[in-house]
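Hi,

Here is the structure I said I would pass on.

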Amino acid sequence: MRKALWSLPAILLLLPFAGCDFEERVPAEVVSITKSQPLGAEKELQADIRFDVGSLEVAAEKGALAYTVDLDYDKASYQDVITYDQSGGTGRLNFRLESLHKLGLRSDRHPNRLRLGLTNTLPVKLAINTGVGDARLSLTGLQLSSLDIESGVGGARISSYEPNQVSCDRIRIRNGVGSLDAVGLANLRFNDLEFEGGVGGANLDFTGEWQRDAEIKIQVGVGGVSVKMPRGIGVKVEGQKNFLSGFHLDGFTMRDSFYYSEGYDDAKIRVSVRVVTGVGGFKISWI
Amino acid sequence: MRDRQYRPSLIGGLLWTGLGVIFLLRNFGIGPDVWSLAARYWPILLILLGLGKVIDYYRQKEGISVRFGEIIGILFLVLIGTLITKATQSHVGRVFRELPISIGGTPVRPGEWFGTSYTYREEKSYALTAPTPVRIENSYGSVVVTPGSDQEVKVRIRKVVYQNDESRAKQIAAEIQVEGGPEGQAEAASFLVKTNREALASKDYRFNTDLEVLVPPKTEVKVENSFGEVRVANLEGKLELNTTHNELEIRDCTGEFNASNHYGDSRFVNLTGNLTVDARGRVAVETIKGNVTVTDEFHPVEIRDVDGTLTVTNTESSVSVEKVTKPVVIDARGSQVTVSNLGSSLKLATSHRRVQVSDVESGVDAETSYLSATLKNIKGKATIRSNSDRLTFEDVGALDVKAQGTAVTASNVNGPIDIETTMRDVDLSNFNAACKVVSQFGDITLSPRTLGKGEISAKGRNGAIELYLPEGAAFEIQANARNGRIVSDFAGLLPAEAGPDMGTLSGKVKSGGPKIVLDSEYGNIQLRTRGSEKAENRSN
């Protein structure tokens, strides 16, 4: 330990010479972009978003715009690529914030921030891939026809407080290291939902307006998965406990190697949940 | 215990001395920015320590062992390193960088440890011949507007130039100018104050411009800023203020106020006039005489003491409202809502978070879902459209709940009660007016304080119905438990067994009185005297 303490000034001494050509630390040069696209003949919108570092917000946008982008980023370290094309009735928005991979102390760092507004007048296929940073997806008001989210390091929150105006064929959520909270998932009106848990825990709240039967596949990762279901929904769970994971099903009975919720047979809406357990626990509770 | 003798280390002494020299030179502006380097590269120490352990393992063929002291040392290192990194990247770091400290009468700027900058100040005055609105444009710096003379606009500019070479910094500062002059024509004319940042955009200058603008005390002011704070105080006139990424504050002003702030906190204190706020950041509003409208998302909104109406829209955060004289409207899905001391009515739409409402002089009209709500001391009627909530009412004027999957508990309701819900229990106590409850699949428990003139009606499907009445109560009853049993504590009012598992009960107690109708499809019905539940609890 004593040696380690002695090595501390030695390393600090070497640091200034190790980097050679460092610039002084000055305020970050922030690029602030506001961009939008008026709606034309589009009948649907596809948005493919890749945001590696920073804070991301997605919300529905009222008005005659296909999308709006409010973006701040550090010019010294990143470069934006925003393209939009429209063909065959489909508008395609492609967003990338690419790292320039520069080393050294060029400037004070500014947190990147993206706020993406998507039209509430057209069906939207949304694919989002986040890297390091937090993401807030406020999906209330969107006409969401498919959703694919991959979150990296950092928290993510998905919310939908009103019923989706169109049915969402497929939802795929892959969680990374941070925690994930999804609220009002039933409002998305999905047929299939696939969740892949990562290191962080996840809370999946299936409250909202259930309008159809659905299938949910949950792959529990290292962090646990907690599911909330509204009372009155019939839930069938297929999955097995293992010695590593807790498996807590509140108010379920087992029949033919499946777990059935109380009143499943008489329920107007039936949901089938297939669980692949991992290290973390899996829990269903009622709200 | 044997004292261990350590030989003094020549290399160690030289290392510490060298380090001191580097930091000292840095303080004179010579050499690289060691603090910033340490802030970024300190984790290399951890890597080197780890590599050292691995090398030890192969050289000495010992297992890798970690001693308690080493763990403490590493944790300490991580803590210090993280703190330095955070300090250099955060607002605290910025404050620290710009903090002037006097040591022995010599001004020292700790900021130079993090990078070199030079600050220059300048002041300009512009005469005004007539009252004119003032428009101020800035970016990357603050704007402070305060009252000055009636006949002039005075601008104090603070230029912070980030540059190693002082003479070069001075040249750049000379190029940075604040410009003032009239713009527009006739009625639309205003006096514009702006910097020439746009003209310098092609040059690779890094600088901040902080503006302090003194304007006539009674004037209309518009500020358009970005990446900098905006503060306005003690003015009389219409204010339109916009900024981003930093704080916005208006205090002690009279007029009409429009404010927009994205990604920064906003604060409004002691204003007379209507206030409209469009925010994407924390909002605090205090002591306003006028109507207030706040639109926000993802950040807390706190409002206190408004003499006027209030409209708040927010999502995914919290809304706190205290003391508002006129009607309040809150739309806050996914937000925690706390409201108290309203002089008029409340209209509320929210979900998924906790709601607390207290001391409302008029009625409450709410649309709620998937939450837990407590409403206390509501003088008017509480009208709730609810889905899957847990609602608790205390001291309410009247109650109208239309719900699905919601549990309702209420005490001290002074007016009519009308509740429809499913799957969850309803528990009402100390009410004294008409009461109608329908709960499918949930139990119903009713315990009126006195029997008034209104009818008491409870209808259930699968749940039990329990009615607790005062011992001397006079009433007329009709009860049916189509697939259940009926129990009565009242002498002379005994249920008839109409068939197996089917009970009915009807009749008058004393001279009759308010009508009571109890109806259950599959549950039992109990007609009890008040106090019997306590007696039962005691015996249990």
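**Salt bridges, cores and strands**

Counting over all chains, the structure holds 40 salt bridges. Before you read too much into any of them, keep in mind that this is a predicted model.

Let me start with one in chain A. Arg174(A) and Glu150(A) meet through their side chains in a salt bridge, at 3.4 Å from N to O. Arg174(A) sits in strand β12 (residues 168-174) of chain A and Glu150(A) in strand β10 (residues 143-150) of chain A, so this pair ties together parts that are 24 residues apart in sequence. Are the two partners buried or partly exposed? Arg174(A) is buried, because its relative accessible area of 19% falls under the 20% cut-off. Glu150(A), at 29% relative accessibility, counts as partly exposed.

Arg158(B) forms a salt bridge with Asp210(B), and their closest N and O atoms are 2.6 Å apart. That pair links distant parts of the chain: Arg158(B) belongs to strand β6 (residues 152-162) of chain B and Asp210(B) to strand β9 (residues 207-215) of chain B, 52 residues apart. Both Arg158(B) and Asp210(B) are buried.

Then there is Arg385(B) with Asp400(B), where the closest N and O atoms of the salt bridge are 4.0 Å apart. Here Arg385(B) lies in strand β27 (residues 372-387) of chain B and Asp400(B) in strand β28 of chain B, so parts 15 residues apart in sequence are tied together by the pair. Arg385(B) counts as partly exposed at 36% relative accessibility, whereas Asp400(B) is buried with a relative accessible area of 12%.

Chain B also has a network of salt bridges, which links Arg135(B), Glu137(B), Glu183(B), Lys222(B), Glu224(B) and Glu240(B).

On to the nonpolar side of things. The largest nonpolar core has 101 residues, and Ile330(B) and Phe393(B) touch the most other members of it. Strand β28 (residues 390-404) of chain B gives the most to this core, with six residues. Leaving aside residues up to four places away in sequence, Phe393(B) touches Leu375(B), Ala382(B), Ile384(B), Leu399(B), Val401(B), Val408(B), Thr409(B), Ala410(B) and Ser411(B). Another core, of 70 residues, lies apart from that one and includes Leu56(A), Leu97(A), Leu188(A) and Met229(A).

Back in chain A, the secondary structure comes to one helix and 23 strands. Of its 287 residues, 51% are buried. Take contacts between residues at least 6 apart in sequence: in chain A, 61% of them join residues at least 24 apart. The accessible surface of chain A is about 12600 Å², with 49% of it belonging to carbon and sulfur atoms.

For strand pairing, look at β11 (residues 156-159) and β13 (residues 180-183) of chain A, which run parallel and are joined by four bridges. Arg157(A) stands opposite Asp181(A) in β13(A). β13(A) also pairs in the parallel sense with strand β15 (residues 202-205) of chain A, over three bridges, and there Leu180(A) stands opposite Ala202(A).

Last item: a nonpolar surface patch of about 490 Å², made by Val132(A), Val153(A), Val177(A), Val199(A), Val222(A) and Val279(A). Val132(A) has its place in strand β8 (residues 123-132) of chain A and is partly exposed, with a relative accessible area of 47%.

Cheers

Terms used:
Residues numbered from 1 in each chain as written. Chains lettered and ligands numbered in written order. Predicted model: local features only at pLDDT ≥ 70, side-chain atom pairs only at ≥ 80, totals over all residues. Heavy atoms only, no water. Core = buried A, V, L, I, M, F, W, Y, C linked by side-chain atoms within 4.5 Å. Buried < 20%, exposed > 50% of the residue type's maximum accessible area, 1.4 Å probe, protein only. Helix = DSSP H or I, 4+ residues; strand = E, 2+ residues; numbered from the N terminus. Contact = heavy atoms within 4.5 Å. Areas by Shrake-Rupley, 256 points an atom, 1.4 Å probe, with all protein chains shown as cover. Pairing = 2+ DSSP bridges. Patch = residues over 30% accessible without salt bridge, like charges linked within 9 Å, V, L, I, M, F, W, Y side chains within 5 Å.
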